[in-house]
Amino acid sequence: MANPAYVAVDWGTSSFRLWLIGRDGSILAERRSGDGMTSAVKIGFSTVLSGHLAAVEAPESLPVIVCGMAGARQGWVEAGYIDVPAPLTAILTAAVRVPGESRDVRILPGLAQRQTATPDVMRGEETQLLGALGSTGIGAQAVCMPGTHSKWVHVSDSKVTGFSTFMTGELFDAISKHTILSHAVAGAEQQPADAAAFEAAVSAAFARPALATNLLFTARSGQLLHGISAAAAQARLSGTLIGLEIAGALRDAANGTNITLVASGRLQALYEQAFDTLSLAFTAIDADAAVRRGLSAAAEAIWPN
């Protein structure tokens, strides 16, 4: 095996990703599992990490840099928050060392927006953000990071000026499984996706966000009265929620605001389709690559060689 330099870990609520990084920056090994914070709280964070480190044959002396929910209040060791406005690089000097471990394990802090009217927090996305944008002057832009809890971050010249969390993914899951709309979307996975229905729903929600709950119900009424398919009903639900998110995120943004989409897989495709539908220009950056670059920046700042 090539000479390893450190281990990078993105520890989510329900997911775990680990990369063994070589001194030349290459990925020597990778691990992905469902050993997120929810599982690690029961099994033990140290136990979970040790198992994955053994699987990639990481040397005992190799340091580990971690971002995400391992640093939450309910996680391994609370890593706290950096208050915004703050430069993207602020997280690099505030990593918390995990006590009692034989190797050097550091957990990066999150970001906090403490305004009484708009309190918000992020943990893990700040590292992804750093990896996506770097530390150089980049002007003003809005960064969209889709997920269970989508984050929209406003950045000006490498400084985070504010951000908002949208529960889009969680609401989609809850509404599609635990409301009357569950009947409308039953069997949607066995049908071809309905792009036209998705795009129409995105446009309607973006234009008329005040009608949100009415627009959501049309997934049900449209099926009962006009026989739309389960796939079309699901597309209406997804498109409505994503359209609402974009409308809220860009409500106070200046016309022509640069949008950077940090995503991968199915979510990347959906948000690209939504932005194209709304004629919003954007630049896409792979989320996995971004979080690795952010973790690498932190490792190089903490353990310079």
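Contact here means heavy atoms within 4.5 Å. The model is predicted: local features need pLDDT of at least 70, side-chain atom pairs count only at pLDDT 80 or more, and totals for chains, interfaces and linings use all residues. Residues are numbered from 1 along each chain as its sequence is written, and side-chain values use heavy atoms, with hydrogens and water left out.

Select Ile228 to start. Ile228 sits in the loop between helix H7 (212-226) and helix H8 (230-249); helices (H or I, at least four residues) are DSSP runs, as are strands (E, at least two), numbered from the N terminus. Ile228 counts as buried because its relative accessibility is 18%, where buried means under 20% relative accessible area (1.4 Å probe, protein chains only). Leaving aside neighbours within four places in sequence, show Thr218, Ala219, Gly222, Gln223, Ala233 and Arg236, with which Ile228 is in contact.

Next, select helix H6 (residues 195-207). At the start of H6, a side-chain oxygen of Asp194 comes within 3.3 Å of the backbone nitrogen of Ala196. The buried residues of H6 are Ala197, Phe198, Ala201, Val202, Ala204 and Ala205. Their cover includes H7, H8 and helix H9 (265-277). An α-helix has 3.6 residues a turn, so residues three or four places apart point the same way.

Note on methods. Buried < 20%, exposed > 50% of the residue type's maximum accessible area, 1.4 Å probe, protein only. Polar contact = N/O pair within 3.5 Å; in protein donor to acceptor, adjacent residues only side chain to side chain.
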